[in-house]
Protein chains: 2
Amino acid sequence: MPIFHDKKLKNLSLKMKEPAFHLRSLLQDKERCAALFYEGGGLYLDLCRQNMNSEVMVTLTEKARERGVRQSFQDMMAGLKVNASEKRAVLHTAARNPGAPVWVDGNDAAAMLATVLRKIFAFADAAHNGEILGSAGNRFSHVLVVGIGGSRLGTEAVYEALKARHPVWLPLVFLSTIDPNAFYLQTRELNPKTTLVLVVSKSFTTREVAMNQKMVRNWLKNSGVEPSDHMIHVTAKGSPGDCKQDICRDVFHMFEFIGGRYSASSAVGTLPLSLAFGKDVVERFLAGCREMDAHAAQAPEEKNLPLLAALCDIWNGEYLGFPAFVMVPYAAPLLFFSFHMQQLYMESLGKGQTLSGQPIPPEKQAMLCFGHIGTDAQHSFFQMLHQGRGAPVEFIGVLNSPLEACADVSGHGLTPHEELWSNLLAQADAFALGRREGRPEQLCPGNRPSSILTLRDLDANHIGRLLAYLEARTVYVGLLKDINPFDQFGVENGKTLAADLRKHFSGEVPSSGERVETYLNALRQGFFRDQEPKR
Amino acid sequence: MPIFHDKKLKNLSLKMKEPAFHLRSLLQDKERCAALFYEGGGLYLDLCRQNMNSEVMVTLTEKARERGVRQSFQDMMAGLKVNASEKRAVLHTAARNPGAPVWVDGNDAAAMLATVLRKIFAFADAAHNGEILGSAGNRFSHVLVVGIGGSRLGTEAVYEALKARHPVWLPLVFLSTIDPNAFYLQTRELNPKTTLVLVVSKSFTTREVAMNQKMVRNWLKNSGVEPSDHMIHVTAKGSPGDCKQDICRDVFHMFEFIGGRYSASSAVGTLPLSLAFGKDVVERFLAGCREMDAHAAQAPEEKNLPLLAALCDIWNGEYLGFPAFVMVPYAAPLLFFSFHMQQLYMESLGKGQTLSGQPIPPEKQAMLCFGHIGTDAQHSFFQMLHQGRGAPVEFIGVLNSPLEACADVSGHGLTPHEELWSNLLAQADAFALGRREGRPEQLCPGNRPSSILTLRDLDANHIGRLLAYLEARTVYVGLLKDINPFDQFGVENGKTLAADLRKHFSGEVPSSGERVETYLNALRQGFFRDQEPKR
């Protein structure tokens, strides 16, 4: 029975909507606040601004225990085929735990991943030391990563985060959409002679990747560069890209037991990240992931950070009726984690039925997700969250800042970092408390939930913890909702229809509908035929 | 009476939910589809995939006519004080129509704006020609724009869009959040000796801008550069920044009759954009805005693109119950328009009461808004929109592409640009039609609305039209919902609470609550005191 049909939780949600349980009152209770502050896996999670009392939290964790989601999480890590629709194991956790064997169909997945990782580190070392050179004898200066969705967003999030603290050997440039503008904008400042190209695609048949890699190949050739010396493939064994000879410099394998959006700690992420930051940083990143994985699997329900965060999602989405939540890191380097989280969450959990095929009522389906960094979001969409449609906010803060050179700019004796934190805490309180005094247009209802996730630092270790936390949290929502967070069959339909349209566009099949014909003609003419006489 | 209480529309929405009105059926009707295709203001809008028949559209436009929203729009353009709560005129439209006088409190607003614009063009010319130099005698090579929210997002959206087609004299770099990481990341590749700094803030008291400009000033000084030779203020007359002597090189005025999120065509945008692209490009951009403004004000309700789009929002949000909509440009250079639109929409329309103080039921409040570019979004959050929670999608396409050098990469005789369009159209159809055949996990309900806005090109003229279209569409939603889309009092509460917290942080006022104390101590120590003994 999915958790969304729980009567006790339903009744509790009605109770929590009574004025006595407004966050203004709940936040008065110091014991409650202390009890809703958690530490684990190297992170801190503050849930005191959730619309719940201890009875709600106890009930939620009981439900999680009854459903056995922690066991399911451990089953996932042990290599069971928890991706039921595709009959696949789900082993992103093995990518960061190379020492612990995990058997899938008679093979040790961890050992396979460890072999790839060793090869990656050796390759990155060689690129940094100049043992590997471009076809004209140049050292590589940049890495162009060609990949889309899960082959881009997680890597990019980690890369952008780590850039703030760790020196970069080889900067990464990302190319994903099929829009030729993107190709032009991303390559125009690169020197083909010094650009190493990673093509990342499990199937190597993704249209965007297939086309962009051809465009890159032409770009290299037209500059007198031999593509096979500059291109590296990250792909599955046996894919059309798994073919070293004459086509690329080397192939690094990815495996069907790690899906795109969970792949940032596999070769998809570790190859470009090793080229950017070197082996040591990537190892610390993986250690951070591993630490959070262990916490997510082993910590009891009532102390398990990603599980508790997932329970808050269930509570806010299924019981309090919020259709969306918002992730707002108060740390500029974490901007791209908002986009990664959006994919991770919405692609994993955007399903309309349970594992057993039971339809999920729309208002019980997983929430939409978006985000941006603070304080920028305060000057953008926060207005609506204060006075219009509310949405639970997941704040992310970082305790330490090594950049305190400008402590004198506040005029209040505060460093910019302290000023940043005073904003984060003030916004969280403003959502919770609201405003009761002032002119009508100044009033805010308050009672809007938020949580604060705190990292001690922005180093590789903490970024690993954060990535694994977001992954585990997403998986736990899937387990609680009894859906499969590892497939994405909803995107197939668009692909099929696009393939049909391609045939109309190329003239292979005459167009069957005016809807398409209109656009086809407009693309050829540069404008639509007038629908009616000009005014 | 706000439009959301309309009984006829309510009844029509129930009817449209019947299976006979599934988009699969509605799209069969060619006459309906042709009737729902619009051209105006230099753009095309295709609404055939909205969940409506002609009766709905006729009823919606009738309501708009009854409410007199077009007259209200004209009143806005004529200088009436339509921002009631702040008793201000709203004249972003005058910024792009310098020849047409608009009187506010006895002054010609258009003439004031035109004077500033002339000064901007002269300044940009001088910077390009090397008549204006840095304090060490260097030509300027980059422009650092310090501003947040409306002082950044619109300018950035236009800049990123125009970069794809127009050569850049002086690249722009943006600095907004107070996070010192952002300062470090944005300035570390700039040469202070060749960096011109624009500080953009109407009040010049916005914390982020006040602090960042001091950090920039120190950065310049520490490099032996005289800040007053490198800094330019864009601010209101009489603000603390309206002070040329010894502090900055020049001051360009902005006016209280143009709010931040509507300011991209005022000095806030035209100064940096002129420095980036030169006068000619900016004039074409302004001409594009002007053309759309004229259309938005004059075209009858049933042919008025921004008004029709606004009516779709009312229909989807208030009557069909969608809590959010998504904007997805299939054009990489338009990525930042998603973030600009998010601010424009959510800050303008995130209100819980009408102009007369009547509370708006939560489910009738304006929608949340987010977006990203296609095709990337297909590999990210589209899964949820296909199978989980639906959301109306506003696709944006561009007909012409000058970048057809790589026509041979498709393998289907299609250019990448045609491939991009086949994806756009396929996704729109997939949302509408759904999928009825296949295994249970492959099925998609369909009947999910979308619209397609088409630009002929990505040149300055069309970017101006797009900007003005999004502004007008936002204003029209406000007028239809009877709310004030020009104030943002909801953000005040957070500012007040942050000011209180600053005093606790600095020790000026002893902390009053444990919630704050915990974080204060953690910031000092670098970690939280353990909440309980370590496991």
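Please keep in mind that the model is predicted.

I begin with the overall division of chain A. Three domains are assigned: domain 1 covers 3-67 + 299-487, domain 2 covers 92-284, and domain 3 covers 492-525. Between the centres of domain 1 and domain 3 of chain A, taken over C-alpha atoms, the distance is 43 Å.

I turn next to the annotated positions. The unreviewed UniProt entry gives the feature "active site" at Glu347(A), His379(A) and Lys495(A). These positions span 149 residues of sequence, and they are spread in space as well, with up to 37.6 Å between C-alpha atoms.

Let me take two of them in turn. His379(A) sits in the loop that runs between strand 11 (368-371) and helix 16 (382-387) of chain A. Is His379(A) buried or exposed? It counts as buried, because 26 C-beta neighbours lie inside 10 Å, and the cut-off for that class is 20 or more. Leaving aside residues up to four places away in sequence, His379(A) touches Ile148(B) and Gly149(B). Lys495(A), by contrast, belongs to helix 19 (residues 492-506) of chain A. Lys495(A) counts as partly exposed, because it has 16 C-beta neighbours inside 10 Å.

The loop that holds His379(A) also contains Thr375(A), again between strand 11 and helix 16 of chain A. The peptide bond leading from Gly374(A) to Thr375(A) is cis, with omega near 5 degrees. In chain B, the bond from Gly374(B) to Thr375(B) is likewise cis, with omega near 5 degrees, and Thr375(B) is placed in the loop between strand 11 (368-371) and helix 16 (382-387) of that chain.

Phe204(A), which is not a glycine, has a positive phi of about 60 degrees. It lies in the loop between strand 7 (195-200) and helix 10 (207-222) of chain A, and it counts as buried, with 20 C-beta neighbours inside 10 Å. Asn447(B) has a positive phi near 65 degrees. Its loop connects helix 17 (416-433) and strand 13 (450-455) of chain B, and Asn447(B) is buried, with 22 other C-beta atoms within 10 Å.

Finally, I come to Phe431(A), in helix 17 (residues 416-433) of chain A. This residue counts as buried, since it has 27 C-beta neighbours inside 10 Å. Beyond residues up to four places away in sequence, its contacts include Leu385(A), His386(A), Val393(A) and Arg448(A). Phe431(A) and Pro445(A) are 14 residues apart in sequence, and their C-alpha atoms are 8.3 Å apart in space.

Methods
Residues are numbered from 1 along each chain as its sequence is written. Chains are lettered from A and ligands numbered from 1 in the order in which they are written. This is a predicted model: local features need pLDDT of at least 70, side-chain atom pairs count only at pLDDT 80 or more; totals for chains, interfaces and linings use all residues. Domain bounds come from an automatic or database domain assignment. UniProt positions are given in the numbering used here, feature names are shortened, and annotations may be inferred rather than shown by experiment. Helices (H or I, at least four residues) and strands (E, at least two) are DSSP runs, numbered from the N terminus. A residue is buried if 20 or more other C-beta atoms lie within 10 Å of its own, exposed if 12 or fewer, and partly exposed in between; C-beta atoms are placed from the backbone. Two residues are in contact if their C-beta atoms, placed from the backbone, lie within 7 Å.
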